[in-house]
Amino acid sequence: MSIEITSLTKSFGAFPAVNDVSLKIETGEMVAFLGPSGSGKTTLLRLIAGLEFADKGEIFFNGENVTMKNANERKAGFVFQSYALFNHMTIFENIAFGLHVAPRAKRLTKEKIRERVLSLLETIQLSGLENRFPVQLSGGQRQRIAFARALAVEPKVLLLDEPFGALDAKVRRELRTWLGEFHERTRLTSLFVTHDQEEAFEVADRVVIFDKGSVQKIGTPLEIRSGTSNTFVRDFLGLDI
């Protein structure tokens, strides 16, 4: 699914979190939003998800204007840094949660829900753990469960907010590799927020660099690393003068 953002602006009081941003994400792309804290990348992700609403500007999914639609209507899968799993529920129940609370007319049968959950556990390489609880899993395993829960509702787009930020370096590297392989298999349009340059350049097809709510640079990892006249980008990335 393609995503087009035109002149999107969002302020919190006098603070312009997103300032007249326009972007086009092609179907099947993995795009990283990279920048320092407070640069607007997470706010933009939440605007795309429908968790926040813009002051002005528009968002299109496959040409359809979704600017005023809520998160459920947009069918975006969201993965949080903190996993946001329900500790009192089993892994099966966590993954199936979105399927169980779907409108009755669209709800799958119990057998279909079970089939989908077990299939997702196989996809994320955690088969056999459906009866465990989140506390019994490692951080990396819990984050993969969060991925599976987001994928269970068959989202049109996958949105990842610092998905590996709470993990140690070794697990981060392992999950980056896993995410890259998963994206190659599925080609699900995906956007992820990170402040980690290595993470962005390793996984993403294109990288969007933000500062003070505005886009400073867009390009493939190679294009961006090849150099730019933008002073902020050069300093942020530590490019040679």
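Ala146 is found in helix H5. Keep in mind from the start that this is a predicted model. With a relative accessibility of 2%, Ala146 counts as buried, because the cut-off for that label is under 20%. Set aside the neighbours within four places in sequence, and Ala146 is in contact with Val79, Tyr83 and Leu85. Thr6, on the other hand, sits 30 Å away from Ala146, C-alpha to C-alpha, and the two are 140 residues apart in sequence.

**The cores**

Which residues touch the most other members of the largest nonpolar core? They are Ile95, Ile145 and Val207, in a core of 46 residues. Helix H5, residues 139-152, supplies the largest share of this core with seven residues. There is also a second, separate core of 26 residues, and Leu45, Ala49, Leu191 and Phe210 are among its members. As background, nonpolar side chains tend to be buried together in soluble globular proteins.

Ile145 is worth a click in your viewer. Not counting residues up to four places away in sequence, Ile145 touches Leu85, Ile91, Ile95, Leu121, Ile124, Leu126 and Leu137.

**Helices H3 and H4**

Now for H3, which covers residues 91-100: its buried residues are Ile91, Phe92, Asn94, Ile95, Ala96 and Leu99. What covers them includes helix H4 (110-123) and H5.

H4 itself has 14 residues and reaches 20 Å from its first C-alpha to its last, close to the 20 Å expected at 1.5 Å a residue. Its buried residues are Ile113, Val117, Leu120 and Leu121. Looking down the axis of H4, you find these buried residues within an arc of 100 degrees, so they line one face of the helix. The general rule behind such patterns is that an α-helix has 3.6 residues a turn, so residues three or four places apart point the same way. The buried residues of H4 pack against H3 and H5. Just after H4 comes Gln125, which takes a positive phi of about 65 degrees.

**The six-stranded sheet**

What is the strand order in the open sheet of six strands? It reads S6-S7-S8-S3-S9-S10, and the pairing is mixed. The edge positions go to S6 (76-79) and S10 (214-219); each has a single partner strand, so one side of each is left without a neighbour in the sheet. On average, and ignoring direction, neighbouring strands here are turned by 20 degrees against each other.

Over at S1 (residues 3-12), the partner S2 (residues 15-25) pairs in the antiparallel sense over seven bridges. Glu4 has Lys24 as its bridge partner in S2. The hairpin made by S1 and S2 has two residues between the strands, and Gly13 in this hairpin takes a positive phi near 65 degrees. S1 is also joined to S4 (residues 56-61) by five bridges, again running antiparallel. In that pairing, Ile5 stands opposite Ile59 in S4.

Here are the strand pairs side by side.

| Strand pair | Bridges | Sense |
|---|---|---|
| S1 and S2 | seven bridges | antiparallel |
| S1 and S4 | five bridges | antiparallel |

Thr90 lies in the loop between S6 and H3. Is Thr90 buried or exposed? At 13% relative accessibility, Thr90 counts as buried, because the label applies under 20%. Its contacts, leaving aside neighbours within four places in sequence, are Glu130, Asn131, Arg132 and Phe133.

Glu199 is found in helix H7 (residues 197-203). With a relative accessible area of 1%, Glu199 is buried. Beyond residues up to four places away in sequence, Glu199 touches Phe164, Arg172, Arg176, Phe192 and Thr194.

Technical notes:
Residues are numbered from 1 along each chain as its sequence is written. This is a predicted model: local features need pLDDT of at least 70, side-chain atom pairs count only at pLDDT 80 or more; totals for chains, interfaces and linings use all residues. Side-chain values use heavy atoms; hydrogens and water are left out. A nonpolar core is a set of buried Ala, Val, Leu, Ile, Met, Phe, Trp, Tyr and Cys residues joined through side-chain atoms within 4.5 Å. Buried means under 20% relative accessible area, exposed over 50%, partly exposed in between (1.4 Å probe, protein chains only). Helices (H or I, at least four residues) and strands (E, at least two) are DSSP runs, numbered from the N terminus. Contact means heavy atoms within 4.5 Å. Two strands pair if DSSP finds at least two bridges between them. Axes are lines fitted to C-alpha atoms, for helices over the stretch in contact, and angles run from 0 to 180 degrees between N-to-C directions. The expected span of a helix is 1.5 Å times one less than its number of residues. The arc is that of the directions from the helix axis to the C-beta atoms.
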